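Dear colleague,

Please find the structure below for your records. My findings follow it.

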Amino acid sequence: MRIGITCHPSAGGSGILATELGIALAERGHTVHFVTYEQPFRLQGFHDRIVCHSVDTVTYPLFRNPPYSLALATKICEIALEHGIELWHAHYAIPHAVCAILARDMLPAERRFKLVTTLHGTDITLVGSDPSFYRITRFAMESIDAVTAVSEWLSEETRREFHLNVPVRTIYNFLNLEKFSASRTERCKLAEKEEKIIMHISNFRPVKRVTDVIRVFKKISDRVPARLVMVGDGPERMSAAGVAKQLGIADKVKYLGNYENIEALIPCADIIIQPSEHESFGLVPLEAMACEVPVIGTDSGGVREVVENGVTGYLCEVGDTEAMANRAIELLTNPALACEMGRRGRERAVKCFGQGTIVGQYESLYAELVGAPLEAAHT
Ligand code: GMT
C-alpha cells in the first residue's frame, strides 16, 4: 500500500511512534512517504521504501508567523497526487489531521486517500480541549475515516470531552523489542560502581513534573548511594536544576539533554521515575519495561494500562514524592524483587506491546478502509 504519514518530527512520543510505525510498515513491504518540516528525529540512516518530503514555508512581512499549516496541506496534496497515496495517517490532531483533511478535499474525487488520525494525548487533553482549538479538533475527528487513540483511557477521555458521533478505536503504542532489551554496557560512564542509577526521560514540560523527580531523588539519596540521570530537555529544566541546588544535591544530578540512542541508556538504570500529572500512554515506561528496568510512575491516565502496579513497577498518587521514594528504596535495597519486576516488565511488553501485533492492527485498519484484502495491502 502507498501510505503518507505526517507527525511532529522533533523528540517526543507521538513523533517517535509515527516514525517507528513508518519504518515497520516499510519493512513489511509498504511504501511510506513522510511529510514534515524536518527529518523525523528517529529516522536515521537509509530505509528502502521510505521517502521524506520537507515542507517549506515562506516568510513575508504581512505574516506574523509563516502559515505552516497551509504549506503542509499543499504539500500533502502534491505528494498524494504524485505518488498515488491510498492512505494518509496523521499523528496528532492539531494541525496534522486538519491539514490532511484540507489536502484530501483539494484532490480530485477519484484520487482522494483514506484518512486515519491517531490521537496521542496532549492533542486532546491540553491542545484540543482548549477553547481556541475545541471546535476544529472535533470537526477534524468527525471528518476523517478513522480515529485511533493510544490507550483506552485516551479513547474514553476523547469521547467524553468531544461528544463524538464517530467511534474512537484503541490501538496501543508498540516497541521494537529487539532494539530495547536488557544490557548494561554504558553504566560505568554514568555513575560510580557503588551508586545506583535513577533515570528520568522526558521533554521537561510542566505535565512531566520534573521537580518531583528531584524531590524523590533527594529522599532516595539520603538512604542509598545514587546518581540521577536526567535525559531530554524542555522548559522545566532550569526549575529542576534550581530545586536540586536548593536541596544540596546538584552534584549528584547529570543532565544528558536530548539523546538519540536511549535504548543504550535505559538498560543502565536501576529504576526509571516518571511522575507525570497524566500520560495518555507513557512510551518511556514501556521502553523501561522492555529493558527489564522497574518503573515508578503515577496512578493516572493511560500509564495504568502499561505498568502493572506491584508487578512491573509501582504507581503512586500524583505528587506523592514520599511514596515514590519509599517504593524506589524498597526496590533498590531488594535486588531480587527489582530483578523479578524487570523480568515481568519484559514479559508484559512482549505480550501486549510487540511491534508485530500492533503494526498488524494498523495494517488491518488500513486494509479495511482502503477496501483491499490484507495480502493485497503489501504492495
Ligand atoms: O509527552 C509529551 O508531552 C509528548 C507527547 C507527544 O505527542 O509527543 O506524548 C504523548 O504521546 C506519546 C506517544 O503516544 C505518549 O506515550 C505520551 O504519554 C503522550 N504524552 C502525554 O499524554 C502527556
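What percentage of the 379 residues in the protein is buried? Buried residues account for 54% of them, where buried means under 20% relative accessible area with a 1.4 Å probe, protein chains only.

Please note that this is a predicted model, in which local features need pLDDT of at least 70 and side-chain atom pairs count only at pLDDT 80 or more, whereas totals for chains, interfaces and linings use all residues. Residues are numbered from 1 along each chain as its sequence is written, and side-chain values use heavy atoms, with hydrogens and water left out.

The protein contains 15 helices and 13 strands (DSSP runs: helices are H or I with at least four residues, strands E with at least two, numbered from the N terminus). Its radius of gyration, taken over C-alpha atoms, is 21 Å, close to the 21 Å from the globule rule for 379 residues, so the protein is as compact as a globular protein of that length. That rule is 2.2 Å times the number of residues to the power 0.38. Along the principal axes, the C-alpha atoms fill a box of roughly 65 × 50 × 40 Å.

Of the contacts with a separation of 6 or more, 70% are between residues 24 or more positions apart; contact means heavy atoms within 4.5 Å.

Thr118 lies in strand β5, residues 114–119, and is buried, with a relative accessible area of 0%. Beyond its neighbours within four places in sequence, Thr118 is in contact with residues including His89, Tyr92, Asp123, Val150 and Tyr362.

Yours sincerely

Definitions and conventions:
Buried < 20%, exposed > 50% of the residue type's maximum accessible area, 1.4 Å probe, protein only.
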